[in-house]
Amino acid sequence: MREILIADDHPLFRDALMRAVTQAVPDSVLFDADSVSGLQTLVETHPDAELLLLDLHMPGAHGFSALAHVRGQQPGLPVVVVSAQEDARVIQRAMGHGASGYIPKSASVDTIVTAVRRVLDGDVWLPLHVAPTIRPLESAEASAAAGVAELTPQQFRVLGMIAEGLLNKQIAYELNVSEATIKAHMTAIMRKLHVGNRTQVALLASHLAFEPALDSIESMK
């Protein structure tokens, strides 16, 4: 049996994806999540999964951050991004972050089936309107992705809440831990992201948004 993970917060589309995957891979066993937190649990509990279909717009995703984190945690797991975003530059950036394919949500069931089979066969699949050449990421975005890839799952949750503008005491409440624990996570996050304060953490995370920050990390030092 082939384990395949599906992470999408829209119930109807998630169900459609599951039906398409079952058609593409009849002997597959599917596991699904509707948030980044749930996705982290899936990745941790199914280390032998052969494919992940990932929605970029799930709660907690924050642009390409979830993709960057999954690639860091499970570099051998092929990831196909599934998104309503059809802009060629967004697709190229997703591929630059290590995705093995990109399926627009407007795609037909037959297209999804083809894409899943191609990626499982070891190929890359892209929409026809996107050139197969993968452009390198901008240096600030590549640096942000590398740092995010090193975070533990809990540190990644904290990073997401920082990006949402939550204070330490609010993050502690949401995660049911002490504020001292959050401060310790902050120290580790800053070390791994090579920045010196909370503002720089938030700015660095913004480089992984669909519209990256224009300001340089250097300007915040």
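Student: What is the strand order in the open sheet?

Tutor: First, remember that this is a predicted model. Now the general idea. Strands of a sheet pair through backbone hydrogen bonds, either parallel or antiparallel. Here, 5 strands form an open sheet in the order E2-E1-E3-E4-E5, and the pairing is parallel.

Student: Which strands are at the edges?

Tutor: Strand E2 (28-33) and E5 are the edge strands. Each pairs on one side only. From one strand to the next, the twist averages 20°.

Student: How many bridges join E3 and strand E4?

Tutor: E3 and strand E4 (residues 79-83) pair over 4 bridges, in the parallel sense. To see a facing pair, find leucine 52: valine 79 in E4 stands opposite.

Student: Next, salt bridges. How many does the structure hold?

Tutor: The general idea is that side chains of opposite charge can pair when their charged atoms come close. This structure holds 7 salt bridges. One of them joins arginine 2 and glutamate 50, with the closest N and O atoms 2.9 Å apart. Arginine 2 lies in strand E1 (residues 2-7), while glutamate 50 is in the loop between helix H2 (36-45) and strand E3 (51-55), so the pair ties together parts that are 48 residues apart in sequence.

Student: Where do aspartate 8 and lysine 105 lie?

Tutor: Their side chains meet in a salt bridge, at 3.0 Å from N to O. Aspartate 8 is in the loop between E1 and helix H1 (11-24), and lysine 105 is in the loop between strand E5 (101-104) and helix H5 (109-120), so this bridge ties together parts that are 97 residues apart in sequence. Now check accessibility. The value for aspartate 8 is 0%, so this residue counts as buried. Lysine 105 has a relative accessible area of 24% and is partly exposed.

Student: How many residues apart are aspartate 15 and arginine 19?

Tutor: They are 4 residues apart, about one turn of the helix, and both lie in helix H1. Aspartate 15 forms a salt bridge with arginine 19, where the closest N and O atoms are 2.3 Å apart. Aspartate 15 is partly exposed, at 37% relative accessibility. Salt bridges can also link up through shared partners: Asp8, Asp55 and Lys105 are joined into one network that way.

Student: Now pockets. What volume does the largest pocket have?

Tutor: Rolling a probe the size of a water molecule over the atoms shows where empty space is left. The largest pocket has a volume of about 210 Å³. Its lining residues include Val36, Gln40, His62, Phe156, Arg157 and Leu175.

Student: Which elements give two or more residues to the lining?

Tutor: Those are H2 and helix H7 (153-163). H7 gives the most, with 4 residues. By type, the lining divides into 5 nonpolar, 5 polar and 2 charged residues.

Student: One last residue. Is proline 11 buried or exposed?

Tutor: Proline 11 has a relative accessible area of 52%, so it is exposed. Look for this residue in helix H1. Then find glutamate 150, which is 139 residues apart from proline 11 along the chain. The C-alpha atoms of proline 11 and glutamate 150 are separated by 31 Å.

Definitions and conventions: Residues are numbered from 1 along each chain as its sequence is written. This is a predicted model: local features need pLDDT of at least 70, side-chain atom pairs count only at pLDDT 80 or more; totals for chains, interfaces and linings use all residues. Side-chain values use heavy atoms; hydrogens and water are left out. A salt bridge is a side-chain nitrogen of Lys or Arg within 4 Å of a carboxyl oxygen of Asp or Glu. Buried means under 20% relative accessible area, exposed over 50%, partly exposed in between (1.4 Å probe, protein chains only). On a 1 Å grid over the protein atoms alone, a cavity is a set of points where a 1.4 Å probe fits but cannot get out, and a pocket is an open set with protein on both sides within 12 Å along at least five of seven lines; lining residues have an atom within 4 Å of a point. Grid points are joined across faces, edges and corners, and a volume is the space filled by probe spheres set on the points. Ala, Val, Leu, Ile, Met, Phe, Trp, Tyr, Cys and Pro count as nonpolar, Asp, Glu, Lys and Arg as charged, and the others, Gly among them, as polar. Two strands pair if DSSP finds at least two bridges between them. Axes are lines fitted to C-alpha atoms, for helices over the stretch in contact, and angles run from 0 to 180 degrees between N-to-C directions.
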